Amino acid sequence: MQSEQINYIPVFMQLVLAVGFVVGMIIISGKLGPKRLSENKDKNFECGIESVGNARIPFSVKYFIVAILFVLFDVEVIFLYPWAVNFKDLGVEGMIKMVIFMMLLLVGFFYIIKKKALEWE
């Protein structure tokens with residue numbers, strides 16, 4: 001057990017060295033770098049376009065619902081890859097479990113279609 005932990009000392013030393021270098025460079029550049037503050041430099045800047053209006057405009061909740069549903073169903077599709085790779089090894093039991101999984105996924109999909117969560121207005 002002791003010899004296995006000793007093998008990680010070079011990794012730990014490299015991590016400390018890398019973090020120390022980054023922190024050191026940030027501190028040194030902050031101390032030695034130029035400090036020319038002006039009203040023009042302190043303005044908000046977005047892609048070369050002058051900022052106009054309030055940045056706190058409310059978005060429609062539909063936008064967030066569609067984004068969350070996309071992530072949800074995208075993650076569900078990710079679960080299909082390990083099943084597809086091990087399809088032959090899982091046999092009939094794996095097929096039954098995947099059919100149940102897909103049925104639950106379809107029930108959720110039909111539910112959001114029924115609630116019209118994917119319709120833009």
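Let me begin with the conventions. The structure is a predicted model, in which local features need pLDDT of at least 70, side-chain atom pairs count only at pLDDT 80 or more, and totals for chains, interfaces and linings use all residues. Residues are numbered from 1 along each chain as its sequence is written, and side-chain values use heavy atoms, with hydrogens and water left out.

I turn to the overall layout. The chain is divided into domain 1, residues 1–33, and domain 2, residues 60–120; these bounds come from an automatic or database domain assignment. Taken over C-alpha atoms, the centres of the two domains are 43 Å apart. Asp 42 is found in the loop that runs between helix H2 (9–32) and helix H3 (61–78), where helices (H or I, at least four residues) and strands (E, at least two) are DSSP runs, numbered from the N terminus. With a relative accessible area of 55%, Asp 42 is exposed. On this scale, buried means under 20% relative accessible area, exposed over 50%, and partly exposed in between, with a 1.4 Å probe and protein chains only. Asp 42 and Asp 89 are 47 residues apart along the chain, and their C-alpha atoms are separated by 61 Å.

Next, the annotation. An unreviewed UniProt entry lists residues 6–28, 63–83 and 95–113 as "transmembrane region"; the positions are in the numbering used here, feature names are shortened, and annotations may be inferred rather than shown by experiment. How does the model treat residues 6–28? The chain there is 91% helix and 0% strand, with 33 Å between the end C-alpha atoms. Over residues 95–113, the figures are 100% helix and 0% strand, and the end C-alpha atoms lie 27 Å apart.

Helix H5 covers residues 87–114 and includes Phe 110. At 53% relative accessibility, Phe 110 counts as exposed. Phe 110 also belongs to a nonpolar surface patch, together with Phe 87, Met 95, Val 99, Met 103, Leu 106, Phe 109, Ile 113 and Leu 118, and the patch has about 800 Å² of accessible area in total. Patches are made of residues with over 30% relative accessible area and no salt bridge; like charges are joined within 9 Å, and nonpolar side chains (Val, Leu, Ile, Met, Phe, Trp, Tyr) within 5 Å. The areas come from the Shrake-Rupley method with a 1.4 Å probe, and for residues only the protein chains shown count as cover.

Two further residues of H5 deserve mention. Leu 105 has its place in helix H5 and is buried, with a relative accessible area of 17%. Met 102, also in helix H5, counts as partly exposed at 30% relative accessibility. Met 102 and Val 75 are 27 residues apart in sequence and 13 Å apart in space, C-alpha to C-alpha.

How many salt bridges does a search of the whole structure find? The search finds one, a salt bridge being a side-chain nitrogen of Lys or Arg within 4 Å of a carboxyl oxygen of Asp or Glu. Its partners are Lys 97 and Glu 93, at 3.1 Å from N to O. These two residues are four residues apart in helix H5, so about one helical turn separates them. Both Lys 97 and Glu 93 are exposed.

I close with the aromatic rings. The whole structure contains five aromatic pairs; rings of Phe, Tyr and Trp (its six-membered ring) pair if their centres lie within 6.5 Å, and planes under 30 degrees apart count as stacked, over 60 as edge-to-face and the rest as tilted. The rings of Tyr 63 and Phe 64 have centres 5.4 Å apart and planes at 80°, so this pair is edge-to-face. Tyr 63 is partly exposed at 45% relative accessibility. The rings of Phe 79 and Phe 101 are also edge-to-face, because their planes stand at 85°, with centres 6.3 Å apart. Phe 79 lies in the loop between H3 and helix H4 (80–85) and Phe 101 in helix H5, so the pair ties together parts that are 22 residues apart in sequence. Finally, ring pairs link Phe 73, Phe 109 and Phe 110 into a cluster.
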